[in-house]
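I opened this model to look up helix packing, sheet order and disulfides. My notes follow.

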Amino acid sequence: MEWLLIALATCLLALCPVKGNEWRLEYEEGLSHYSEEALRKEFPEKTRPISFKHPPFTCPDMSPSSSVPTSVELVKAADIKVIAALGDSLTTAIGANTTTVLGIPIEFRHVSWSIGGYGSFQDVITLANIIRLFNPHLIGPAPTQTVHGTPAPLCETGFNLAVTGHNTFNLPEQVRHLIDTLKTYENINFDEDWKLLTVLIGMNDICDYCKDKSLYSVENFVHYMTVSLEMLRNEVPRMIVNVVQILPMETLREVQKPTPGCLLQRSFCSCLVKPAAGSADLKELIGVNLEFQNALEKLLYSGRFFKDDFAVVLQPFLKHANPPRLPNGKIDMSFFTPDCFHFTIKGHEELAKGLWNNMFQPEGEKFMVESFSNPIELSCPPVGHPYIYTRPAKTGPALPETPQSSGNRPAALRLMLVLAFFQLWLAVNLLSL
């Protein structure tokens with residue numbers, strides 16, 4: 001049986017087309033360090049038992065609005081008709097439910113944190129399965145698994161159009177694919193249905209930064225994010241876009257174990273893993289990671305991607321996240337696949353809960369994970385505000401540092417000019433008397 005798995009994996013890799021070839025080559029390079037015994041070794045703690053069930057989750061208000069909302073600020077979870085996701089291997093859920101390194105090329109899209117549609121909420125917690133508790137007819141959850149590098153139709157991917165190995169410069173391509181798909185999908189009312197998209201990308205840019213500091217610069221990261229979000233804003237009505245803040249990646253260097261599997265880290269994220277502790281290269285990369293986070297905040301807090309029926313919201317729950325640890329302080333490896341880099345289902349579920357909670361928290365009050373050691377408790381939408389928070393920080397009327405929203409400033413300036421002109425006219429006429 002073990003040799004059959006090895007042969008199957010080899011055949012699948014050989015069939016991979018040019019697209020995604022770099023990821024495949026990195027994976028094959030990592031496999032070259034393995035012994036036959038290591039390739040066959042299983043880690044049963046990495047998978048979810050079939051009999052596992054979560055307790056039910058219910059909220060006081062799980063109903064849709066009385067009529068389809070026209071404002072992006074009045075959309076409830078049950079109003080969402082379509083769900084989609086873009087990004088890289090974290091969103092394709094590569095290796096998320098495999099027990100051996102040979103299973104890493106399998107993309108377990110159906111258990112992906114932001115869009116997996118396997119079973120129900122009680123089977124696996126994903127953002128899509130949470131929303132399906134509010135709207136059972138949700139369109140787009142990923143129904144099954146795929147294999148990296150092999151063509152997969154929508155009936156297998158759902159609207160999980162993320163691509164393993166992609167960098168931020170690939171995001172406009174993913175966005176174009178999504179827009180064209182939404183426009184032509186027969187079960188969607190493109191103009192009327194509310195759509196929820198989740199985007200998490202940029203960590204591969206950091207992993208590859210030392211290979212080409214110009215291509216993977218902060219400026220390029222911002223540029224391609226801007227191009228992608230402007231495409232969505234200009235072409236897609238009634239959409240809420242969750243942009244998830246990237247992880248602080250330094251702590252991933254701690255996800256180690258004396259197994260050959262962890263050697264794959266050196267292939268997937270060499271710029272992070274290979275530099276020596278305290279080295280100038282590592283310090284530079286840590287600084288770049290922080291610059292990516294700051295640049296994303298500056299871009300999305302500007303309010304440029306907000307209008308009546310469209311909003312982009314930065315969800316920051318991962319900004320300070322540290323790896324989960326056991327009571328003895330060691331990394332809890334049950335959260336990581338056999339490559340010591342990607343998340344198992346346990347990790348995906350914590351991401352899903354963190355994202356859901358952020359969606360119903362106003363700017364300035366959004367929860368941020370300190371460590372995944374403590375499971376996140378899923379929250380219900382507040383009774384007093386059952387809508388997804390979408391107004392950007394700098395245009396929000398309730399923020400103390402901006403007592404007057406930026407949208408009112410031109411009107412206020414015009415009023416001041418009119419008053420000044422009136423006072424000048426009055427003074428001139430009084431002097432002429």
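I started with α7 and α9, and α7 passes α9 in a right-handed crossing. I call a crossing left-handed if the near helix is turned anticlockwise from the far one by less than a right angle, and right-handed if clockwise. Helices (H or I, at least four residues) and strands (E, at least two) are DSSP runs, numbered from the N terminus.

Before going on, I noted the ground rules. The model is predicted, so local features need pLDDT of at least 70 and side-chain atom pairs count only at pLDDT 80 or more, while totals for chains, interfaces and linings use all residues. Residues are numbered from 1 along each chain as its sequence is written, and side-chain values use heavy atoms, with hydrogens and water left out.

**Helix pair α7 and α9.** I found the axes of α7 (residues 171-184) and α9 (residues 218-235) coming within 8 Å and crossing at roughly 15 degrees. Axes are lines fitted to C-alpha atoms, for helices over the stretch in contact, and angles run from 0 to 180 degrees between N-to-C directions.

**Helix pair α9 and α12.** Here the axes come within 10 Å and cross at roughly 35 degrees. This crossing of α9 and α12 is right-handed. Among the residues in contact (heavy atoms within 4.5 Å) I listed Phe221 and Met225 of α9, and Phe292 and Leu296 of α12.

**Sheet.** I traced five strands in an open sheet, in the order β1-β4-β5-β7-β6, with mixed pairing. Two strands pair if DSSP finds at least two bridges between them. β1 (80-87) and β6 (306-307) stand at the edges with a single partner strand each, so one side of each is left without a neighbour in the sheet. β4 (residues 194-200) and β5 (residues 239-244) pair in the parallel sense over five bridges. In β5, Val243 is the bridge partner of Val199. α7 lies across β1, β4 and β5, at about 155 degrees to β1.

**Disulfides.** How many does the structure hold? I counted three disulfides (pairs of cysteine sulfur atoms within 2.5 Å). I checked Cys59 and Cys380, whose sulfur atoms are 2.1 Å apart. Their link is left-handed, with -90 degrees about the S-S bond. Cys59 lies in the loop between α3 (36-40) and β1, and Cys380 in the loop between α13 (345-359) and α14 (409-431), so the pair ties together parts that are 321 residues apart in sequence.
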